[in-house]
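Please read the points below alongside the model.

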Amino acid sequence: MKKIQIIPSDLSSDSSVKISGSKSESNRVLVLNSIFKNIKISNLSDSDDSIVLKNSLKNLNKNIDIHHAGTAMRFLTAYLSTIDEGKFTLTGSKRMKERPIGILVDALKKLGFDINYLEKKGYPPLQINGTKSKKSIIKLKSDISSQFISALILIGPTFKNGLTIELEGEIISKPYINLTLHVLKRLGIGYSFKKNIIKIDYVKEINPTEYLIESDWSSSSYFYSIVAIYKKINIKLNNFFKGSYQGDSYVEKIFMKLGVKTKFLNQNEILLSSINGFKRPSSLLFNLIDNPDLAQTVAVTCLALKIQVKITGLQTLKIKETDRILALHNELSKLGAQIIFDDASIEIIPPLDLNKNIEIFTYNDHRMALSFAPLGLITPLIINDPDVVTKSFPNYWNDLLLLNFNLKFKN
């Protein structure tokens, strides 16, 4: 297994990093482009997930393997169902076959689509027999993965009578639903979202459109972490917009509490730098119900800054690439932290001094490698299976080298 050793080093004081387009936004636009065919996309994500989805949509084979790409699994399940007379087998990695998809499949079946399980009920792989929708209203509990809801929204414009989604209860990860709706709006597709009812208009075709994808706020979080931990560095990032619809743009507000300020420059650039005279709090509480993908970055940064932190709203983390709450517990404990956790929260009590030369396991989860790497600025550590970052951020290690991180690659 490959490993990367990270040894504390002095970083360049002023640096620029180019982050590719948002994975979340890219995947939504790719599906809509497959429906309408005339969207010219720029700044597409270079993540494995987006590449897998793009290739799958470009070459609609009978057998489609999306490997570890969870978003692709959810979005393709819905999209392939709408292709009249199409017959597809949709599968993925061993971990993908452990990630539940029954809620989405049940909803699609209620709408009249034909989907069957090939192995374990409620989980991939799936046999999808494409057909036209027969109904146009679906009720769903809203405490489910927002990707299930977004998958339905994306196929909504294909329903002759439009699609109405009635959500029951508290909505989890609502910004991701709003992002999906914002993409529709940019393409001229009508919708409404009032109270807990989403209505999507039927659209036969859209005007030819040039679509610039905003860079990925989730990926920016690791550079916020670097600035918070190292303090003596300014980092400029490109293609980030004020008033972003990406839920993880909330990272800007989170890291103000961790000593990092964000300045919007001309030409959609942001500059990350330390807050002068920042007083480190002894403890913090974050509810990340709308931003669960930031949990690992926030946890590691607070550990580095010796801030006791409790993070709540994490009920979706157990069905991600790994059980992220358990993974955080395991790796943070090895570094010396005390951890209290349950199915929806984690509390981290940092040690006086971090343990050194700890091997961080990544559990086939890109965000474990991405979020723990900045910790190498203050304690030597080893990241196992570093290539896992290609799922969302293929150029990550090269970007850290440009910042003058001391990385040693080992086989």
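**Notes on a sheet and some salt bridges**

1. Phe 264 has Ile 270, in strand S15, as its bridge partner. The model is predicted, with local features needing pLDDT of at least 70 and side-chain atom pairs pLDDT 80 or more, while totals for chains, interfaces and linings use all residues. Residues are numbered from 1 along each chain as its sequence is written, and side-chain values use heavy atoms, without hydrogens or water.

2. Strands S14 and S15 (residues 269-274) pair in the antiparallel sense over six bridges, where pairing requires at least two DSSP bridges and strands are DSSP runs of E with at least two residues, helices being H or I runs of at least four, numbered from the N terminus.

3. Both belong to an open, mixed sheet of four strands in the order S2-S13-S15-S14. Strands S2 (14-17) and S14 (260-265) stand at the edges with a single partner strand each, so one side of each lacks a neighbour in the sheet.

4. By the rule of a Lys or Arg side-chain nitrogen within 4 Å of an Asp or Glu carboxyl oxygen, the count is 11 salt bridges. One of them joins Glu 25 and Arg 186, whose closest N and O atoms are 3.3 Å apart; because Glu 25 lies in helix H1 and Arg 186 in helix H6 (residues 174-186), the pair ties together parts 161 residues apart in sequence.

5. Glu 25 counts as buried at 3% relative accessibility, whereas Arg 186 is partly exposed at 33% (buried means under 20% relative accessible area, exposed over 50%, partly exposed in between, with a 1.4 Å probe and protein chains only).
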